[in-house]
Amino acid sequence: MTDSKYFTTNKKGEIFELKAELNNEKKEKRKEAVKKVIAAMTVGKDVSSLFPDVVNCMQTDNLELKKLVYLYLMNYAKSHPLCTDCEDPNPLIRALAVRTMGCIRVDKITEYLCEPLRKCLKDEDPYVRKTAAVCVAKLHDINAQMVEDQGFLDSLRDLIADSNPMVVANAVAALSEISESHPNSNLLDLNPQNINKLLTALNECTEWGQIFILDCLSNYNPKDEREAQSICERVTPRLSHANSAVVLSAVKVLMKFLELLPKDSDYYITLLKKLSPPLVTLLSGEPEVQYVALRNINLIVQKRPEILKQEIKVFFVKYNDPIYVKLEKLDIMIRLASQANIAQVLAELKEYATEVDVDFVRKAVRAIGRCAIKVEQSAERCVSTLLDLIQTKVNYVVQEAIVVIRDIFRKYPNKYESIIATLCENLDSLDEPDARAAMIWIVGEYAERIDNADELLESFLEGFHDESTQVQLTLLTAIVKLFLKKPSETQELVQQVLSLATQDSDNPDLRDRGYIYWRLLSTDPVTAKEVVLSEKPLISEETDLIEPTLLDELICHIGSLASVYHKPPNAFVEGSHGIHRKHLPIQHGSSGPAAPVDQPQVIPSQGDLLGDLLNLDLGPPVNVPQVCSMQMGAVDLLGGGLDSLVSDPIIIMHPTLCGWKNIIYVLLSNSWSGPGLISVDFLLLLAVLNFCVLQVWLPAAKAKGLEISGTFSRRQGHMYMDMSFTNKALQHMTDFAIQFNKNSFGMIPTTPLAVHTPLMPNQSIDISLPLNTIGPVMKMDPLNNLQVAVKNNIDVFYFSCLIPLSIFFVEDGKMERQVFLATWKDIPNENELQYQIKECHLNADTVSGKLQNNNIYTIAKRNVEGQDMLYQSLKLTNGIWILAELRIQPGNPNYTVKNTLNEKVCPNLWPVLYNIIWMQLWMYYS
Amino acid sequence: MIGGLFIYNHKGEVLISRVYRDDIGRNAVDAFRVNVIHARQQVRSPVTNIARTSFFHVKRSNIWLAAVTKQNVNAAMVFEFLYKMCDVMTAYFGKISEENIKNNFVLIYELLDEILDFGYPQNSETGALKTFITQQGIKSQTKEEQSQITSQVTGQIGWRREGIKYRRNELFLDVLESVNLLMSPQGQVLSAHVSGRVVMKSYLSGMPECKFGMNDKIVIDKQGKGGSTDDAGKSSGKQSIAIDDCTFHQCVRLSKFDSERSISFIPPDGEYELMRYRTTKDIILPFRVIPLVREVGRTKLEVKVVIKSNFKPSLLAQKIEVRIPTPLNTSGVQVICMKGKAKYKASENAIVWKIKRMAGMKESQISAEIELLPTNDKKKWARPPISMNFEVPFAPSGLKVRYLKVFEPKLNYSDHDVIKWVRYIGRSGIYETRC
């Protein structure tokens, strides 16, 4: 620093002293100094050279000092170096100033930057203009209102017509970003003239500029097919660009506009052909870009399989590919697999199954199964390939293979059962629940063909309680099947499993299923056989297709993160719920069989509630956008496997935990068809389970994907609303709340709805909502009608349901004998009603026992002329007593019931109430 | 758009941190380190989403480059930008290493400021950048020079500045191909393709207009139609090649290629990649590998590999290397080879057989006995494919440069005055034979 000596001598004078003081360690001194500076400023001395030192003092808690600094700032911001630099003769410096200026996020200062920015937007030098264009976006981020007020948006729009392509590109980028936060304004104003300007700039600007322009073009909706075609023609050359992002953005524009072209035109066909090579070329890029390309190709293949159907070979996995590329390639291979190429695909898959990465190998094995299910002609080859793989005895390969073979059995029943023997050899090596369950299912399903099926299943029984629920349930079903097929030899086994399931298990699902089977078997083996061994629905070929509306939306996002995650942007971008959802253009006119783009409301539209959700967030957002191919794989497995796994004989309605309720539901609907079949025991069973049929209260179609079914029950003296919430939409739901309207019994929830974790798509959750009757009362029609409002992050939904009166029967409904007698006499005759119950074969004791379980108490029993007379009482939560006389004649299955109420009841209410009670009692008496 | 850009060393220490957007907080730097760099498992995706923030990363040797965003950005663009960033850094200070980055961090910040504005990539051509971002500090520039710089950076020909002068106008064309093969043990070609690059080094004065021609089937067939004789069509059919797809440097006028299939451009100064292409038809596979693996009992493997060269005898292949994988439980290997040197490399689990040179239409063989330790590991050996490396002095795709014409109307040199060099190099890409 030899030059520095020239300066040292000059560092004297007022300014120098002030500078030193401003940098003093003591706060007081600094404050003094700033005051001096302000004073100097006031008298008109130029203290602008102290700018950095004064700004330094801004970092203080002292309010007084801060205000002084701000005062200084406001005075000198105009002559702030940044502002003066905006006038510098050197365009590089002007641009640097305007670039930096946008990064100062102080409102007060920003105001002073407007003038220089306005100048820079009209600068003679394109370098300054292109920088100024981006600066408008920066400023908009800081103070949107100001940008609008100052008319910068208009200046930006003017830049679209700029002579310099890079200025155009940056202006487009800035406008696109700004317009995202103004979903409704037509900021970009894409009209044919502007589009033409963009297309001209497209040929001339940098690779990045081309991306901005193409992304912007994809938002344009051409007015007719001619315009669409002419844009396509000018975009197609971009497919040869070296930059993969340019290629993908061009593909996006073409994929969108293809929708508008007539399907039979030559141009349409040529364009489709032109799309394939560039997509393939993307795969020779670096792995990260390959990954992005593959995720997009996955979408494109689902939307337009014809584009790449000839190119399956390029998706063959290379030994050195990173694992994420391998898994994606495998996914696309399956989608492209067809009769024509299945031999090659299979050979490849077999090769992959010997690789090292466990996830990859599993996916490959699963893929073989999917090939079999997809291409019928190949099923045999696939099965033999799987058998070869089982021979390798590599543990996870064997297990995965058995899981997919189970699916193959379901798709092609009675075709490949000859291989069961080979499968059975591997029984011991299976340690994963999925594989064990699959194997048990196979043994149970084909018990009649396996000589030692009983031994095999028995071997699983030993460690019954250590197994996972999935395995336990399957094992239970399998043994019941076995019993129904070979009743003579397996009675002991079935007894054993039923007692294990019902008596020794704490798992309610298992216990309930056990009871059902037990009752079924003990009452009516024929029906049991019909139900348990009923024909199963076939499984579908394609399991993991993206839902069409979502797919169309994702096509509009090709190249972007949304296409990588396979999620709409609002699933992972904060505060984007206001953003207009993109959709494919719809073809105008009537040329050809135009596929109408019907958009079922599967994905709930985003309301402002999501914003609420974000603000009220209970915890960190749970793994929302974390998609990786592995998870997708898991979903496959569920889609293809679960229904066959859990439900077995019965079609399951919700693939979730509320399984048993549905099982009963189906059983009921089966048995109800012929009244002769209703066995009292079965109904008794229902009563034991304190069970009412789950009714769908709120269908998914009416509630943007939320389905609520439920029932009411009374347990241990408390009332509950047992509900099952199922998310049938594609996004998660959170933030649930429930409220009742005023009702006849004043019923309200005791606690708020406790749903703490978000409800993921296709998931269900069972909720037991405790209730009490201390709320406001209002007469409803019918009397037991209940109106409910349920809210979630999407919307508020309303439904109404009928409360079964039985839940209002309280535990202390047993009347004193004397009181009973007195009351019975006091009740006026018009309150008395009689009716008969037909076809009932119970004796008096059982009846009274059963009724007692439901809080209907027997006060006295008499035998009059060979008839049993039961006197009973019950009490409702609102204090109303109901008294009953039940007459049972031995030999005559008809019961006579006489009911009375105490006088408190409002007379015009009585018939209504009576009707409901009658319905209710019928259930118990019969 | 890109919200921030971080560079980490292999330990996860931040070397460069540049934040462009307010929504990216400081904790983003740590989130990536904790969740990706220090993650126990192997990286499962180049895009990671952590707490609603997306991280894109690429790795160069042991340096991590990560771009961060909270928006729905163009993912392909972010990766392309990261690659470009690497190219720019390499052009400025050579290899991307921790030391180089630390030594040049001011320069890197300056570059980042220029090529990324508010997360939007700007002109990132090194040719242009080097005119005004220099490590020597700001040179005093005349007004003309300044406006020249800005017009170049923003102009239509952003990759070349005006007023370049050479005493000798010269250009070098390298046709670099990598030939990829996957062959079944039975010798069936499962997949084969050539990915080629035409790299040009141009030392030309002024703003020369260039036109590049090769034996592209579509072009030759078009010309053949003009001659319209069957013979010409047939003979050109042999000499021309079918290019599946090609991509070009941004200097090439794509609309012209699309309409006339002619490749015309004003080249950047110095070295750059003119085009990339891909072919899959009629590939000359320079070598054929014939493997024979036999398991002798549980503790011994016999491997015999024959390689055959399949090109003109007058040509010489170089740097031939055959890599024969061995099982993990290999205890000893004996190798006999006819030519070159072969060695068992225990650390790489492979026998590496190297041959310096080999002429066309020859054959060579290696046989090895591999002794194995008995293991009770049930997991079978995956049998990775035998891979091969080589370099041959021709283009396996059959591509030929037909012409490269240079016109510079303003200066007084003609196409004939330019000295042109063309070289063909075929290298092995992933050249594997399953065994």
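Which residues does L117(A) touch, not counting residues up to four places away in sequence? L117(A) touches V98(A), M101(A), A132(A), C135(A), V136(A), L139(A) and F152(A), where contact means heavy atoms within 4.5 Å.

The model is a predicted one, in which local features need pLDDT of at least 70 and side-chain atom pairs count only at pLDDT 80 or more, while totals for chains, interfaces and linings use all residues. Residues are numbered from 1 along each chain as its sequence is written, chains are lettered from A and ligands numbered from 1 in the order in which they are written, and side-chain values use heavy atoms, with hydrogens and water left out.

## The two chains

The table sets out the make-up of each chain. Helices (H or I, at least four residues) and strands (E, at least two) are DSSP runs, numbered from the N terminus. Buried means under 20% relative accessible area, exposed over 50%, and partly exposed in between, with a 1.4 Å probe and protein chains only.

| Chain | Helices and strands | Buried residues | Contacts at least 6 apart in sequence that join residues at least 24 apart |
|---|---|---|---|
| Chain B | nine helices, 23 strands | 53% of 435 residues | 71% |

## Cores and cavities

A nonpolar core is a set of buried Ala, Val, Leu, Ile, Met, Phe, Trp, Tyr and Cys residues joined through side-chain atoms within 4.5 Å. The largest such core has 246 residues, and those with the most contacts inside it are L117(A), V235(A), L349(A), F409(A) and F56(B). Helix α2 of chain B, residues 75-93, gives the most to this core, with 14 residues. A second, separate core has 41 residues, including W697(A), M721(A), F799(A) and L876(A).

The structure also holds five cavities of 30 Å³ or more. A cavity is a set of points, on a 1 Å grid over the protein atoms alone, where a 1.4 Å probe fits but cannot get out, and its lining residues have an atom within 4 Å of a point. Grid points are joined across faces, edges and corners, and a volume is the space filled by probe spheres set on the points. The largest cavity has a volume of about 160 Å³. Its lining is made up of 14 residues, of which Y319(A), E351(A), E355(A), P385(B) and R434(B) lie nearest its centre.

## Two open sheets

Strands of a sheet pair through backbone hydrogen bonds, either parallel or antiparallel. Here two strands are taken to pair if DSSP finds at least two bridges between them.

In chain B, an open sheet of three strands has the order β12-β10-β22, with antiparallel pairing. Strands β12 (263-265) and β22 (401-407) of chain B stand at the edges with a single partner strand each, so one side of each is left without a neighbour in the sheet. Neighbouring strands of this sheet are turned by 15° against each other on average, direction ignored, with axes being lines fitted to C-alpha atoms and angles running from 0 to 180 degrees between N-to-C directions. Strand β10 of chain B, residues 209-214, pairs with β22(B) in the antiparallel sense over six bridges, and the bridge partner of M214(B) in β22(B) is V401(B).

In chain A, an open sheet of three strands has the order β4-β7-β8, again with antiparallel pairing. Its edge strands are β4 (737-740) and β8 (796-802) of chain A, each of which pairs on one side only, and neighbouring strands of this sheet are turned by 25° against each other on average, direction ignored. Strand β4(A) pairs with β7 of chain A, residues 785-791, in the antiparallel sense over four bridges, and F740(A) has V788(A) as its bridge partner in β7(A).

## Residues in loops

K393(A), in the loop between α22 (379-391) and α23 (395-411) of chain A, has a positive phi of about 65° although it is not a glycine. K393(A) counts as partly exposed because its relative accessibility is 39%.

N349(B) lies in the loop between β18 (341-345) and β19 (350-359) of chain B, and its phi, near 55°, is a positive value in a residue other than glycine. At 23% relative accessibility, N349(B) counts as partly exposed.

P286(B) is found in the loop between β13 (270-279) and β14 (287-296) of chain B, and it counts as buried because its relative accessibility is 0%. Leaving aside neighbours within four places in sequence, P286(B) is in contact with residues including V179(B), K308(B), F390(B) and Y431(B). P286(B) and K308(B) are 22 residues apart in sequence and 8.3 Å apart in space, C-alpha to C-alpha.

Notes:
1 Å grid on protein atoms, 1.4 Å probe; cavity = no way out; pocket = protein on both sides within 12 Å on 5 of 7 lines; lining within 4 Å.
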